[in-house]
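Welcome! Take a moment with the sequence and the picture, then read on.

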Amino acid sequence: MTTRPTLHFFRGKAGAGKSTVASRLAKEAGAVLISEDIWLLRLFGDQMKSFDDYLRVSKKLKTVVGPLTVDLLRAGQSVVLDFQANTRTGRSWFRSVFEQADADHLLHFINTSDATCLERIARRNVERPEGSHHLTEEDFFSISSYFQEPDESEEFKVKRYVDEAE
């Protein structure tokens, strides 16, 4: 029995560990990893000064990454999209990708406490790994206010993670 290619995508707050899980998952599954943060930095870094800028350029990026991901999935290659699926609207884009490709999917829901996320963000603000953005505590709570939990009516296959540090 052959396994269908799978699209992996993520729901979690800033600092929750999405990129860490994405990187590990891509290695373990032999999947292609596409990181939104790195692509945005390399293509639009000079244009991203605010959250509204992020939303604008992220839409542009999806017009390229979506068809690329569909092609990879159709070719039999699983893909890990280190992109956020934190809203119902955001998750509908992922659905359009895996449905176009007739591929399987898995939404990785990383549930990490705000305190742990903020500790990680503070560390990341100092270390500045590629693709990271400086976030304040105010930014964190403002962005997090838009999040919508996935619910059963969306009919996603979901794998839930609870941060091991909690």
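**A first look**

Just after helix 4, D102 takes a positive phi of about 55 degrees. Keep in mind that this is a predicted model.

- Helix 4 covers residues 88-101, which makes 14 residues. From first C-alpha to last, helix 4 reaches 20 Å, close to the 20 Å expected at 1.5 Å a residue.
- The buried residues of helix 4 are G90, R91, W93, F94, V97, F98 and A101. Looking down the axis of helix 4, these buried residues fall within an arc of 150 degrees, so they line one face of the helix.
- D102 lies in the loop between helix 4 and strand 4. D102 is not a glycine, although its phi is positive. With a relative accessibility of 58%, D102 counts as exposed.

**Where helix 3 meets helix 4**

- Helix 3 and helix 4 pack at an angle of about 35 degrees, and their axes are 8 Å apart. The crossing of these two helices is right-handed.
- On the helix 3 side, the contact is made by K62, V65, G66, T69, V70, L73 and R74. Helix 4 contributes W93, V97, Q100 and A101 to the contact.
- V70, which sits in helix 3, is buried, with a relative accessible area of 3%. Leaving aside its neighbours within four places in sequence, V70 is in contact with V97, Q100 and A101.
- How far apart are V70 and F98 in sequence and in space? They are 28 residues apart in sequence and 6.9 Å apart in space, C-alpha to C-alpha.
- S58 is also found in helix 3. S58 is buried, at 4% relative accessible area. Setting aside neighbours within four places in sequence, S58 is in contact with E36 and L40.

**The nonpolar cores**

- The largest nonpolar core has 24 residues. Within this core, the residues with the most contacts are L7, F9, L81, F83 and F94.
- Two or more residues of this core come from each of strand 1, helix 2 (36-44), helix 3, strand 3 and helix 4. Helix 3 gives the most, with six residues.
- Which residues does F9 touch, leaving aside its neighbours within four places in sequence? F9 is in contact with L81, A85, F94, F98, H105, L106, L107, H108 and F156.
- There is also a second, separate core of 15 residues, which includes V21, A31, I110 and F140.
- As general background, nonpolar side chains tend to be buried together in soluble globular proteins.

- Helix 1 (residues 18-29) has 12 residues. Helix 1 reaches 16 Å from its first C-alpha to its last, close to the 16 Å expected at 1.5 Å a residue.
- K18, V21, A22, L25 and A26 are the buried residues of helix 1. They cover an arc of only 130 degrees around the axis, which puts them on the same side of helix 1.
- On the other side of helix 1, T20, K27 and E28 are exposed.
- The buried residues of helix 1 pack against strand 1, strand 2 (32-35), strand 3, strand 4 and strand 5.
- After helix 1 comes G30, with a positive phi near 65 degrees.

- H8 lies in strand 1. Is H8 buried or exposed? H8 is buried, with a relative accessible area of 8%.
- Apart from its neighbours within four places in sequence, H8 is in contact with L25, V79, V80, L81, L106 and H108.
- E155 lies in the loop between helix 6 (137-144) and strand 5 (158-162). E155 has a positive phi of about 55 degrees although it is not a glycine. At 64% relative accessibility, E155 counts as exposed.

Note on methods: Residues numbered from 1 in each chain as written. Predicted model: local features only at pLDDT ≥ 70, side-chain atom pairs only at ≥ 80, totals over all residues. Heavy atoms only, no water. Helix = DSSP H or I, 4+ residues; strand = E, 2+ residues; numbered from the N terminus. Expected span 1.5 Å × (residues − 1). Buried < 20%, exposed > 50% of the residue type's maximum accessible area, 1.4 Å probe, protein only. Arc of directions from axis to C-beta. Core = buried A, V, L, I, M, F, W, Y, C linked by side-chain atoms within 4.5 Å. Contact = heavy atoms within 4.5 Å. Axes fitted to C-alpha atoms, helices over the stretch in contact; angles between N-to-C directions. Left-handed = near helix turned anticlockwise from the far one by under 90°.
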